[in-house]
Every structure is written in structure tokens, then in C-alpha cells.
Amino acid sequence: MNSDDGTTVLWRPTGPNELALVRESGWRAWPPRLPDQPIFYPVLNEDYAVMIARDWNVPASGVGYVTRFRVESEFLSRYPVRQAGGKTILELWVPAEELDEFNAHIVGMIGIVHEFR
């Protein structure tokens with residue numbers, strides 16, 4: 001979702017451990033991926049993020065969060081939109097080794113928009 005200010009709104013479903021690391025960053029960066037996580041997957045719509053947080057994160061850890069953040073649209077153009085299922089199941093695949101650079105292009109803060117228990 002491109003906005004007039006040159007940014008794109010993204011969502012990220014997350015569990016409590018990842019969210020704690022985002023909090024430690026001052027709500028400005030995503031933590032490095034774990035060795036078994038070669039890709040960072042932000043999603044392009046809120047409904048898809050809600051589904052993952054509610055249906056995957058809650059059973060796995062007791063709580064799921066949906067975060068929202070903005071990234072410079074021009075920077076994001078390097079990542080093709082991936083359809084991971086139905087028409088609205090859209091995500092970006094950011095290689096783990098590019099996450100620091102991705103974080104540098106976040107505009108503003110990462111915020112929590114939903115919490116499921």
C-alpha cells in the first residue's frame with residue numbers, strides 16, 4: 001500500500017520473543033534472523049497478518065501480535081511481491097543478510113495494531 005509520502009505500509013505477524021527484540025530496538029528495527037530463518041517475511045495486508053498471528057502464533061506461544069510499519073517504497077521495489085496462497089496472501093521475501101539494510105529504510109516506528117491470546 002503506497003502512500004503519498006513515498007512509503008509503503010507493511011505488517012508483520014510476530015510472537016512474544018521477536019516482539020521483545022523489536023521493543024529493545026526502540027521499535028525501530030527487526031532482529032536478525034535465526035540460523036533456520038533465511039528470509040524475513042513482511043506481509044502486504046493486515047488480514048493476512050491477523051490470520052497468521054491468531055492461527056499460528058497463538059497456538060505456538062500463547063500470544064500473537066500484528067505490527068504495522070512503513071518502509072521507503074523505492075527501496076522496497078527490489079523485492080518482488082510473492083503470492084503465498086490466495087490472491088490476498090502477499091508477502092515480501094527479504095534475505096536475512098539484507099535485514100540490516102531493510103531496517104535502515106524503515107520510516108518511523110514499528111507499532112502493535114492487534115494482540116491475540
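The model is predicted: local features need pLDDT of at least 70, side-chain atom pairs count only at pLDDT 80 or more, and totals for chains, interfaces and linings use all residues. Numbering runs from 1 along each chain as its sequence is written, and side-chain values use heavy atoms, with hydrogens and water left out.

I placed Thr 8 in strand E1 (residues 7-14) (strands are DSSP runs of E, at least two residues; helices are H or I, at least four; both are numbered from the N terminus). Thr 8 is buried, at 7% relative accessible area (buried is under 20%, exposed over 50%, partly exposed in between; 1.4 Å probe, protein chains only).

Next, the rings. I counted 7 aromatic pairs (ring centres of Phe, Tyr and Trp, the last by its six-membered ring, within 6.5 Å; planes under 30 degrees apart are stacked, over 60 edge-to-face, the rest tilted). Trp 30 and Phe 40 make a tilted pair, 5.5 Å centre to centre with 40 degrees between the planes. Trp 30 lies in the loop between helix H1 (16-24) and strand E2 (39-40), and Phe 40 in E2, so the pair ties together parts 10 residues apart in sequence. Trp 30 and Phe 40 are both buried. I also found them in one aromatic cluster with Phe 69, Phe 75, Tyr 79 and Phe 102.
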